[in-house]
Amino acid sequence: MKYYTMNILEAMYREKYPELAANVIYERAKELHSQLNTLDIRWKRSNRLFYSNIDLYWM
């Protein structure tokens, strides 16, 4: 997964929504950053569970 920093997310919001206030942009970027981190953790756990149950030497 590509890692997004708060600075990158804020810049993306500023580019897409230039009319928003700085504090609104920061709050939205913070929320999105949290969601992306949660998804990344779930993805890693899912992959770990999936690959732990595969017998690679079966054949």
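Trainee: Quick one to start: does Y51 count as buried or exposed, and at what relative accessibility?

Mentor: Y51 counts as exposed, with a relative accessibility of 56%. Keep in mind that this is a predicted model.

Trainee: Got it. What does Y51 pair up with?

Mentor: Its partner is F50, and the two rings form an aromatic pair. The centres are 5.0 Å apart and the planes make an angle of 80 degrees.

Trainee: Which label does that geometry get?

Mentor: Edge-to-face. The angle decides that, because planes over 60 degrees apart go into that class.

Trainee: And how accessible is F50?

Mentor: F50 comes out at 49% relative accessibility, so F50 counts as partly exposed.

Trainee: How many aromatic pairs are there in the structure?

Mentor: There are 2 aromatic pairs, and F50 with Y51 is one of them.

Trainee: Let me zoom out. What helices and strands does the chain have?

Mentor: The chain has 2 helices and 0 strands. Helix α1 covers residues 6-16, and helix α2 covers residues 22-52.

Trainee: What share of the chain is buried?

Mentor: Of its 59 residues, 14% count as buried. The accessible surface is about 5500 Å², and 58% of that surface belongs to carbon and sulfur atoms.

Trainee: On to charges, then. How many salt bridges turn up?

Mentor: A search of the whole structure gives 2 salt bridges. In one, E10 meets R14, with 3.3 Å between the closest N and O atoms.

Trainee: Where do E10 and R14 sit relative to each other?

Mentor: Both are in helix α1, 4 residues apart, so about one helical turn separates them.

Trainee: What about accessibility for D40 and K44?

Mentor: D40 is buried, with a relative accessibility of 9%. K44 is partly exposed at 43%.

Trainee: Last topic: which ring does R28 lie over?

Mentor: R28 lies over the face of Y17, at 6.0 Å from the ring centre.

Terms used
Residues numbered from 1 in each chain as written. Predicted model: local features only at pLDDT ≥ 70, side-chain atom pairs only at ≥ 80, totals over all residues. Heavy atoms only, no water. Phe/Tyr/Trp six-rings, centres within 6.5 Å; stacked < 30°, edge-to-face > 60°. Buried < 20%, exposed > 50% of the residue type's maximum accessible area, 1.4 Å probe, protein only. Lys NZ or Arg CZ within 6 Å of the ring centre and 35° of its normal. Areas by Shrake-Rupley, 256 points an atom, 1.4 Å probe, with all protein chains shown as cover. Salt bridge = Lys/Arg side-chain N within 4 Å of Asp/Glu carboxyl O.
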